[in-house]
Amino acid sequence: MPENERRRRFARPPIAALIAAPRLSRKGVLTLVTAAACVAAVASVPAQAGDNPTYTNPRAPIDLRVNDLLKRMTLAEKIGQMDQISVVNMQGDCQWSGGEFTESCLKNVLVDNAAGSVLSGGGAGPTVNTPENWAKMVNTVQKYAVDHSRLHIPVIYGVDAVHGHNNVLGATIFPQEIGMGSSWDPALVKDAGTATAKAVAATGIDWNFAPVTDIARDQRWGRYYETFGEDPLLAGTLAASAVKGIQDAGGAKDVAATVKHFGGYGEPGNGHDRVPGDVSIRYLQDTLLPSYKQAVDAGAQSVMVNSGAINGIPATASHYLLTDVLREQWGFKGVEVSDWQDVRALQTSYHIAADYPEAIAKAVNAGLDMAMEPYDAQGWSDGLKTAVQRGLVSEKRVDQSVSRILRMKFELGLFEHPYVDASKADSRVLGADTDLARRAADESQVLLRNDGGVLPISAAAKKIVVAGSYADDINDQVGGWTVGWQGVPAGVTLPGTTVLQGIRKAAPAGTQVVQATTPDDAVAQAQSADLTVVVVGEKAAAEGAADSPQPQLSADQVALVKSLKATGKPVVTVVLAGRPLVLGDADGTQGLLMSWLPGGEGGNAVADVLFGKVNPSGRLNASWPKDVGNEPLYYQQLPGTNSGPGSFYDAAYPFGAGLSYTTYSVDSVKAGSATARTKDTVHLKVGVSNTGDRAGDLVVPVYVSQPSSDVLSPSRKLVAFTRVHLGAGQSRTVALDVPPSRLAVTPGDIDGAGKQQVERGEHVFTAGSQTATVTVR
């Protein structure tokens, strides 16, 4: 049974839709059946408290509906709303067996304990994994909750759709976030979020636990690939776009986005997932938290809390993070949900609570609204009730959280449209938006070496050898969190195009594409080849299982690449991995393409770049180390008196690196004014040109540096960026704004006691080799 995350989600169209209604078998098992029934909306069902209560009136203001429903609820019903239970607690033996629903377990979770939310984690789906069956499964849960709860309150259903609707077999699988981050394309990320939300909604799910908004700076960390990269501004901008895409799909907020994992999750102390981290308050405020704030400011309806501990305090019990920062400083009004079993972990793992009621009290009083306690609805109900009886938690505090949860349900329209038309799910999910997924994979490709113009592959090439165990491996190409938690389960083949298949489809007529079956065969075939493409990478995994104390290419793959280099024939290396891998002796082939984990269309995207159909535009969103042991590695390393080899920022391929099949120049950087006040936005204009003979997309980053500062500042810090399309020979001027928040730092001494502010003095803005200086007065 997975140690941590598992989840899934729910939705809504017209009530007169075909739905999956539960049927009780002779054995007391609920099976999924399709009923051509018109199910009344909650709004039309009188509550026991009286006919036509305000909360059932869809025309009433949401505040009035929330308050009306809340005052009708018992304490037990309120407590249930704050619990999220795994769907597996209602299937089969009500543990982890899966299968058909068991009526007694549905009753225990949804009626006796009035659980307000259900989730499906990785692998927790219907017995037959199709979009239609997902919709039927969710409808069954929802119908039971609506029909059998005293006040007919629908549940909200959650899932981790982090790179497409990735739990559903046949759904379009987008690149993992680390690849999307290398596109530096907010519009693309928003479009992918919208596509994902439409697929998620088609299967009846209302709550998506995405985007991951952490930044990743330690290549050893198993969740590195789930982030948009190492830079706060890049990660925050893309996460904000994902939030907007998820929540604005079709113009209605059908699906709630989740900013996770707040805050500072990407800083485990020794690189292993969920290991406590110790960071300065200055680093926390200036570097780790800004990405979350951007995504929260984009309107995210929920935030998921970091499973780890920061500075000796588990995030789930941190009043500073969950209330002082998130609520009071940032003004967040939505729902705060824990990660997998993290409230119980305050007692069992962190040992900051003597018993479960005390653990619940610590989390709730810190600001948590909902606990993802997936296996014990009764334990949660008894625990929070006991905490209230002991005076550890006030009922007023419970009401506060329940109000937020109910508000999200009303905003999502669950009381009016609790069901989805399951008969339409397959057509809305299978094969949807594959063109967008291919474009996303195209933009994710980062070309890092192209010695001698080995790429794009010449039309004169008559024999191409494709080598490496990852060349024809779709399951590892897509990574973890795909169908199953740790990746595609054994025995399941994901639809999609591998690198080998993509090359075969893209090769021109008359070009022979040969797959080498062994290392010896690869070397032998390469002797007579015009080019060898060797595909290397790492196995799919998730969370702690994906931790890599030595993030490097495996010895057998290094040996293969080294032997291919020794043939003297051109070699292009394609890397399929969720993090930069130290290449060792495998580095230095004529071509190097970082493909990340590019999803189901990844093979086509690799071929698009190799054959020149696509001019590569991806730029590294993560620093690539030269040697194992240099973790954590990131470009914003602060200056010091250190002098040992590799002790400064010393990357094999630095943040922002990436090549194109054309050439560009940055011609000028001009500031709107040579001076600014501390509260001013700096307006910049950057002149750029395509100096080559082919159109392409140019990523334009702008960095800031300070010649002198009271607080240490990095040699450069990203403060603005854009993508611009330039035709061959075309020049353009792009406008970029730098708000004061991007220049602000925490002043003061080691204690970091001051409030963030912009330091006075010179700020040098750099794009390419061009600079502009603005003096802040």
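## Terms and model

On a 1 Å grid over the protein atoms alone, a cavity is a set of points where a 1.4 Å probe fits but cannot get out, whereas a pocket is an open set with protein on both sides within 12 Å along at least five of seven lines; lining residues have an atom within 4 Å of a point. Grid points are joined across faces, edges and corners, and a volume is the space filled by probe spheres set on the points.

The model is predicted: local features need pLDDT of at least 70 and side-chain atom pairs count only at pLDDT 80 or more, while totals for chains, interfaces and linings use all residues. Residues are numbered from 1 along each chain as its sequence is written, and side-chain values use heavy atoms, with hydrogens and water left out.

## Cavities

There are 3 cavities of 30 Å³ or more in the structure. The largest cavity has a volume of about 170 Å³. Its lining holds 19 residues, and Val 162, His 163, Ala 192, Gly 193 and Thr 196 lie nearest its centre. At least two lining residues come from each of helix 5 (177–181), helix 6 (186–202) and helix 7 (232–247); helices (H or I, at least four residues) and strands (E, at least two) are DSSP runs, numbered from the N terminus. Helix 6 gives the largest share, 4 residues. By class, this lining has 12 nonpolar, 6 polar and 1 charged residues, where Ala, Val, Leu, Ile, Met, Phe, Trp, Tyr, Cys and Pro count as nonpolar, Asp, Glu, Lys and Arg as charged, and the others, Gly among them, as polar.

The second largest cavity contains about 60 Å³ of space. Residues lining the second largest cavity include Gly 164, His 165, Phe 174, Thr 196, Val 429 and Asp 433. Helix 6 again gives the most, with 3 residues. The classes here are 6 nonpolar, 4 polar and 1 charged.

## Largest pocket

Two or more lining residues come from each of helix 7, helix 8 (281–288), helix 9 (290–297), helix 10 (319–329) and strand 26 (717–726). Helix 9 has the largest share, 4 residues. The lining consists of 13 nonpolar, 8 polar and 9 charged residues.

## Second largest pocket

About 500 Å³ of space lies in the second largest pocket. Among its 26 lining residues, Asp 286, Thr 287, Leu 638, Leu 712 and Pro 714 are the closest to the centre. Helix 8 and strand 25 (696–705) each supply at least two residues, and helix 8 provides the largest share, 4 residues.
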